[in-house]
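Let's read this model together, one feature at a time. Have the sequence and the 3D view open as we talk.

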Amino acid sequence: MTDYLLLRLYGPLASWGEIAVGESRHSAVHPSRSALLGLLGAALGIERHDDAGQQALADGYRFGIKLECLGSPLRDYHTVQVGVPPRKFQFRSRRQELAADKINTILSTREYRCDSLAVVAVEAMPTAPANLPALAQALRKPHFALYLGRKSCPLALPLDPRVIAAASVYEAFDSIELLSLLGLNDSYQPQQPWPNRIDRQALRPGSARYYWEDGMTAGMDPSFQTQRHDRPLSRRRWQFAPRREWVALSDGDPS
């Protein structure tokens with residue numbers, strides 16, 4: 001048996017950054033490893049410039065993800081003002097940049113996921129900076145504000161952290177009902193039958209996607225494997241390395 005910390009991630013907007021080149025800032029459909037580490041680091045109060053703390057965080061945890069609801073895509077068009085620095089000068093703050101004598105405007109687009117719902121299973125390694133019960137307490141009373149990938153993406157439901165023991169990632173995920181994920185209980189009596197046709201199209205119950213990292217006991221056969229560039233190497237330099245991720249697709253009927 002393995003101990004897992006289960007978290008619920010839901011918000012009206014989420015952005016799980018992919019490789020950013022040029023003006024476009026793309027989002028994956030499910031949380032990235034770097035975003036989840038940032039969530040834990042914010043809860044524990046680990047500063048971004050704390051290299052040793054960030055390294056311990058990256059080496060201390062592994063993640064499995066159950067994507068209950070894909071959500072719908074949203075693309076936002078941005079115009080951003082940037083200051084032009086004098087020769088051999090570097091801005092130290094955004095305020096200093098905007099106070100520059102010369103200001104330019106750049107264009108960018110940013111992608112988001114609307115109303116996506118995911119459950120994350122956190123597995124702690126022996127070198128983890130905090131054990132799972134301590135991490136759960138930190139997530140209930142975080143040191144810094146928590147958000148879903150970007151600061152403009154706040155949580156819409158509490159994380160509801162809970163530590164459970166299970167033989168595999170799949171068994172851990174299977175222990176939680178969809179109503180519980182939505183913040184409802186068994187006594188919930190909707191005025192209309194639930195889930196109705198529109199609910200099934202949006203939430204696709206029974207057709208979740210599962211993701212997990214190397215070394216985790218999955219308890220299910222992978223449908224395929226993929227590669228993501230979301231393993232932090234340096235928060236200071238904003239550098240990330242590739243890693244392998246396993247994916248399993250369940251057979252649900254969305255109709």
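Predicted model: local features only at pLDDT ≥ 70, side-chain atom pairs only at ≥ 80, totals over all residues.

Q: In which sense do strand E6 and strand E11 pair, and over how many bridges?
A: Strands of a sheet pair through backbone hydrogen bonds, either parallel or antiparallel. Two strands are counted as paired if DSSP finds at least two bridges between them. The strands themselves (E, at least two residues) and the helices (H or I, at least four) are DSSP runs, numbered from the N terminus. Here E6 (residues 61–69) and E11 (residues 209–213) pair in the antiparallel sense, over 4 bridges.

Q: What is the strand order of the open sheet?
A: The sheet has 7 strands, in the order E10-E1-E9-E6-E11-E13-E12, with antiparallel pairing. Strand E10 (162–166) and strand E12 (224–234) each have a single partner strand, so one side of each is left without a neighbour in the sheet. On average, neighbouring strands of this sheet are turned by 30° against each other, direction ignored.

Q: Which strands does helix H2 touch?
A: Contact means heavy atoms within 4.5 Å. Axes are lines fitted to C-alpha atoms, for helices over the stretch in contact, and angles run from 0 to 180 degrees between N-to-C directions. Helix H2 (residues 51–60) packs on the sheet, touching E6 and strand E9 (117–124), and its direction makes about 65° with that of E6. Helix H4 (residues 132–140) lies across strand E1 (2–10), E6, E9 and E10, running at about 15° to E1.

Q: How many residues of H1 are buried?
A: Buried means under 20% relative accessible area, exposed over 50%, and partly exposed in between (1.4 Å probe, protein chains only). In H1, 10 of the 12 residues are buried, so this helix is largely enclosed by the rest of the structure. Among them are Leu36, Leu37, Leu39 and Leu40.

Q: Which side chain does Arg33 join by a polar contact?
A: A polar contact is a pair of N or O atoms within 3.5 Å; within protein, one must be able to donate a hydrogen and the other to accept it, and residues adjacent in sequence count only if both atoms are side-chain atoms. Arg33, found in helix H1 (residues 33–44), has a polar contact of 2.9 Å with the side chain of Glu213. Arg33 counts as buried, at 6% relative accessibility.

Q: Where is Lys88, and is Lys88 buried or exposed?
A: Lys88 sits in the loop between strand E7 (72–83) and helix H3 (94–98). Lys88 is exposed, with a relative accessible area of 81%. Although not a glycine, Lys88 has a positive phi of about 60°.

Q: How many disulfides does the structure hold?
A: A disulfide is counted when a pair of cysteine sulfur atoms lies within 2.5 Å. This structure holds 0 disulfides. For Cys153, the nearest cysteine sulfur is that of Cys114, 9.2 Å away. Cys153 counts as buried, at 0% relative accessibility.

Technical notes
Residues numbered from 1 in each chain as written. Heavy atoms only, no water.
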